[in-house]
Each structure stands twice: as structure tokens, then as C-alpha cells.
Amino acid sequence: MAVRPVSRMLQRVLRSSVRSCSSGAPVTQHHPGEPSQTAAEELSRRRQFLREHAAPFSAFLTDSFGRQHSYLRISLTEKCNLRCQYCMPEEGIPLTPKADLLTTEEILTLARLFVKEGVDKIRLTGGEPLIRPDVVDIVAQLHQLEGLRTIGITTNGINLARLLPQLQKAGLSAINISLDTLVPAKFEFIVRRKGFQKVMAGIHKAIELGYSPVKVNCVVMRGLNEDELLDFVALTEGLPLDVRFIEYMPFDGNRWNFKKMVSYKEMLNTLQQQWPELEKLPEEESSTAKAFKIPGFRGQLSFITSMSEHFCGTCNRLRITADGNLKVCLFGNSEVSLRDHLRAGASEEELLRIIGAAVGRKKRQHAGMFSIAQMKNRPMILIELLLMLQDSPPAIPSISSQDPFRVQGIRHRGSFSNQMMILWKGGWVPQTPLLAQRWLGSSCPQRHCSSHLNSDANPKCLSAVSRAPGSPSGPLPTSDQLTHVDTTGRAAMVDVGGKPDTERVAVASAMVLLGPVAFKLIQENQLKKGDALVVAQLAGVQAAKLTSQLIPLCHHVALSHVQVGLELDGTCHAVGIRVSCRARGPTGVEMEALTAAAVAALTVYDMCKAVSRDIVLGEIKLLSKTGGQRGDFQRT
């Protein structure tokens, strides 16, 4: 029992010359006429000195399994400037009263204490940390702490381009930007706000200012964005990004569903099919990420495998919430209030004993994915900003992400990031208007919404009543027998195992007659439920990918492309819907196109039913079909 006090005394003696705010590192006195060192040179010198004169690590921050906790994450706020459907419970969260949140001085007091005990990396989180007015000043004061080697921030990127020059000058050394989709329409649907362009501008600014790598955090969830893995990785070809794919994790209110988690091995397998030369990089000590690199690519990719392959054995992280609670495990529900003890006048020694006791109780590992889902824990936004997903929004499969930045002319995945690099070097920020307006001869503003734009396609959303492209190929040879029944008349699924794989394309349409009141509200985007065109567009894409689950005898088809377009027709107060589906396989995709058109129409009805129930859905029809043994079809 006497060993620990002696050890602590020895550490304090050593720290008095090394780890305290006056570390003992030689201070260069500049003389007139001598050039002064740059801030970067000074920081490098301090770090080198601390590496060479490191003191024994604090017993207070070492748990019973020998893990040394040198990494502290501090939440600066519970507030956020986005309203993500997956980051908090559907019913919202009660925010902590301002008086109960840590003040700036309390944050810095705790930071100094942890750094004196051996913490050398601090990451600022939220909520959204960049909406805190004094965030630049907090970074600047943290930068003065001797022994602190890294100051990072995790942000949604909305304010990053504006604040990053000041933050870099203050001492910010690492950036993580949360971005779950490269599809602008999906981004707006997810976060209930515009801002995709601002996030991309923030990433561009970080690269411009020399941050390397710029880490991009992407939470992967089945049915939402797993189809964008290849597009995210393609960005690393020409950009110094570390794209980090994070397994979906359960938190209070996000209604975690195991089936929606895409595991690290599944993601890795998808990427290896595209890039078999993918190389695994050596793992850094205490790293949470499994890092990989494609030879010749400038950036890299990583996987955060919190659920399928936990990294508890090397965990070196502690967290302080915005209201001052210490969490020793992200997935644990055990917390201790440092704020209360600080405001009660606790001495440094007393605070260290409280911290040491909490760290000492840290378990060997978290409870596992299924047990965690049943535990009571804070919503993620109250711990820190990491985009977590829930059941409440519909699971949106892919809007076609072959051209996620709406850049015309980019057709092949291999050249995607090269094209992006050229644009980024020129300071280009993606301009992606989700809803275009044009004036018809009747002077009626018309809104359009399309899930994809091909370089060789008409840039306007196609009208549902326009003729399908191409020339008629004659009537489709039909069969005089139903193919989905057997010889006894019972329902049966057609065996397509012997059919050859061919390119299949189908186009379908639908029409929704709204009436003048509902039409005007959609036209002006004034519906209380939100943007009917965007929601219907996403619902159509979802329906196309889920057709085999809705229509019992349909085969599952791996769609390579889905396009859903909606256009307002002012002459008859209607929404025209046009869907195109494409796949390569042994069976056609007309059912996918028809299902998408029907569900998009139903979604428009659902969005408008509070305004009017005198809405008519009609004209759901196949316009064209190509591929297959029975020839092509073109409606004339």
C-alpha cells in the first residue's frame, strides 16, 4: 500500500522539471539581429525535448489492466447547427441548462490537470464544437500547455472553411470531418439542413492549409450509404484524405438494429473486389483504426471496428462531457461529475483521487454489440459528435452516386478522383442545387428534382409525359402463358439460372394530380412535412432496391443505376415522375422501375394528404425496356 504514495511523490518530483507548465525544456532567448524561430520549429523542439525527457506515466491515469490514458476528448457544447435524423432520438433531446455546462475556465483547468498527469493529445468535440464562440481562444490556450503534442477537433464541417485559418494559427494540429454521403440530396435529407457545399469547402480549406491527412469520418449503415464505399475511397487517389469507415454503434435513442450494421470485413471485401492490391498498413500504438492504402493513391482509408472487432485492450481514451462528467468508456453508462467537485472547491489532489478512482474502475472491455444495445447511455450528441444512425428515417438505399458532385463528364470510377483533384486545386467548391427552377411560357415557376445527372443527358428533369428516348423497336413478343404459375396453377418463381447475363434497362412513369392548393405549396416548398420532391425522390430510389421484398415473386436484382426524376406541371397542377433502372443480369428491371414510380407517387400523396385528399395517382406505366430474350419494348 505504501508503493503508490511513493510512486506519486516520485512522479511529482520528476514532473516539476519536465511535465509541469514549465517543463524544463530549454528556452531560447532571441537576441537583436538573430532570426526568431517559427511557431512550427518551436513546437517541434518542445516535442523532441518531451520525448527525450518523458517522466513515468501517471498512476492516476493508468487503469488496473495497465492501460495508460494519454488521450482526452472534451465536449465543448451539446448544441449543433444540423438536425440529423440519426444523431439523436426522434423526439429530440433536453439540453443541459447553460449554468450546468463547463465554463471556459473550467475546461482549461481540467485540461491543465490532465496534461500535467501525462495526457498529450486533446480532441475537442460536441455537439458541434465550432459553434462555440470562444473555440479559437480555447485552442490557443490549450496550445500553451507544455506536454500537449496534439490538439484535434471533430466537426461536421459547416463552419470549418471560415474558422480554420484562425484555428490553425491558434495551434490546431488535427482535423476530423464527419461526412456520411457524397450525394447532395441525401445529405440534405439526412441532416434536415442545407450545407453540403460548406462541408466540401471545409475539406478543401483543410487540404489547402496543409493538413495531411484530413480525416473524413463516415458512419456506414446498411440501406443508407453502403453503396458509396467505392466513391469515398476513390477520393483518396488524388487527395490527402484518410477516409475512416465507422461501424454503426448503438446509443440511447438511435434504436440500434444489428441488421443495419455493415461489418469491417464486409466493407473490406467490397473494396478488395474493386482494388485487390489494397495493402494493410502497420497499426499505430493505441490506434482505433485498421488502416489500408491503395498503391499509388495519395491518401488512405481506415476502418473503426468498434462492434465487430473491438480495440478495448489498447484503449487510451477518456472523455469529458459538456456538463463536466468524466466517461472512461464511450459505451459505458458510468460517469462521475468533475464539474461538481470543481465548483465545490476540490483541490488538485482531491480531483486526481476522483479521476484515479474512476479510471481504476474501467472494465477490461465493453459489453459487446448486443448487450450495449440494451444499455442505458447518453444519446451520442450529448457525448460527442459522431454520426449515429437510427430507424426513424427510412433506410435510403443509393441515390445513384456515380456522379456525387454533379460534375458532368465524369463517367468512370478510375478517373473520378483525378477530375476532382483538378477542380479542388482550382479552388472549386461543388455547386449542387437540389431543386432547379425554370420559367415556362405560362410564367409559372417549375421545380425539378433528379437523383442523377449524366453528362450526355438533358440537364433538365425529364417530364413524365415526354416520349422515352430512342426509336420504337416494334411490339414485344408476348407469351400466351403466365410465367409465374406452375402446371397446377400455383404461384411459382421463374428459374433464371440458365439465362445469360445481359444489360437491362427499364423506364417507367407516373403522374400525381394534386389540385391547385397542394401544387402551390410544393412549388414554393412550403409543406410542413418538408420538401416533397426530395423525399419522394429518395423513396423512389429506396423502392427500386427493395422491389423483391415488396413483390413476392420478383428476383432480387443488383441495380447498377437508379434515376428518379420529378417535375411540376403547372398546366394541370400535377407532379410527373420518371424512373430509369439499369442492371446487368439474367432478368429484367421493369418491376423495379414501376415500383419506384408507384412508391414515389404514394410518397407525394403522403406529403400532401394533410392539405388535400382530392389527389389522384395515375398513369403508372412502363415506357421502355431493353435487354432480354424477348426483345425490346418502346411505348409509342
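The model is predicted. Helix H6 is largely enclosed by the rest of the structure, because 8 of its 8 residues are buried. Helix H14 has its buried residues on one face. Cis peptide bonds join glycine 126 to glycine 127 and serine 212 to proline 213.

**Helix H6 and its partners**

- Helix H6 spans residues 184–191.
- The buried residues of H6 are Pro184, Ala185, Lys186, Phe187, Glu188, Phe189, Ile190 and Val191.
- Those buried residues pack against H7 and H15.
- The axes of H6 and H15 (residues 532–545) come within 10 Å and cross at roughly 110°. H6 is therefore roughly perpendicular to H15, since angles of 65 to 115 degrees fall in that class.
- On the H6 side, Ala185, Lys186 and Phe189 make the contact. On the H15 side, Val534, Val535, Gln537 and Leu538 meet them.
- By class, this contact of H6 with H15 has 5 nonpolar, 1 polar and 1 charged residues.

**Helices H5 and H7**

- Two packed helices are described by the angle between their axes and the distance between the axes.
- For H5 (residues 160–170) and H7 (residues 196–208), the angle is about 25° and the axes are 8 Å apart.
- H5 and H7 are therefore roughly parallel to each other, because angles under 35 degrees count as such.
- Leu160, Ala161 and Leu164 of H5 meet Ala201, Gly202, Lys205 and Ala206 of H7.
- The residues of this contact of H5 with H7 divide into 5 nonpolar, 1 polar and 1 charged.

- Helix H14 covers residues 516–523, and its buried residues are Ala518, Phe519, Ile522 and Gln523.
- Seen down the axis of H14, these buried residues fall within an arc of 135°, so they line one face of the helix.
- An α-helix has 3.6 residues a turn, so residues three or four places apart point the same way.
- Pro516 and Val517 are exposed on the other side of H14.
- Asparagine 525 lies in the loop between H14 and H15. Its phi is positive, about 55°, although asparagine 525 is not a glycine.
- Asparagine 525 has a relative accessible area of 34%, so it is partly exposed.

**Threonine 603 in H17**

- Threonine 603 sits in helix H17 (residues 590–608).
- Its relative accessibility is 13%, so threonine 603 counts as buried. The cut-off for buried is under 20%.
- The side chain of threonine 603 reaches the backbone oxygen of valine 599 at 2.8 Å.
- Not counting residues up to four places away in sequence, threonine 603 touches Val535, Ala536 and Ala539.

- Valine 611 is in the loop between H17 and strand S18 (616–626).
- Valine 611 counts as partly exposed, because its relative accessibility is 34%.
- Leaving aside its neighbours within four places in sequence, valine 611 contacts Val517, Ala518, Leu521 and Leu527.
- Valine 611 and leucine 521 are 90 residues apart in sequence, and their C-alpha atoms are 9.1 Å apart.
- Leucine 235 is in the loop between helix H8 (229–234) and strand S6 (241–247).
- With a relative accessible area of 5%, leucine 235 is buried.
- The C-alpha atoms of leucine 235 and glycine 299 are separated by 8.1 Å. Along the chain, these two residues are 64 residues apart.

**Cis peptides and another positive phi**

- The cis bond between glycine 126 and glycine 127 has an omega of about 5°. Glycine 127 lies in the loop between strand S2 (121–125) and helix H4 (135–142).
- The cis bond between serine 212 and proline 213 has an omega of about 0°. Proline 213 is in the loop between H7 and strand S5 (214–220).
- Glutamate 619, a residue other than glycine, has a positive phi near 55°. Glutamate 619 is found in strand S18.

Note on methods. Residues numbered from 1 in each chain as written. Predicted model: local features only at pLDDT ≥ 70, side-chain atom pairs only at ≥ 80, totals over all residues. Heavy atoms only, no water. Axes fitted to C-alpha atoms, helices over the stretch in contact; angles between N-to-C directions. Helix = DSSP H or I, 4+ residues; strand = E, 2+ residues; numbered from the N terminus. Parallel < 35°, antiparallel > 145°, perpendicular 65-115°, else oblique. Contact = heavy atoms within 4.5 Å. Nonpolar A, V, L, I, M, F, W, Y, C, P; charged D, E, K, R; others polar. Buried < 20%, exposed > 50% of the residue type's maximum accessible area, 1.4 Å probe, protein only. Polar contact = N/O pair within 3.5 Å; in protein donor to acceptor, adjacent residues only side chain to side chain. Arc of directions from axis to C-beta.
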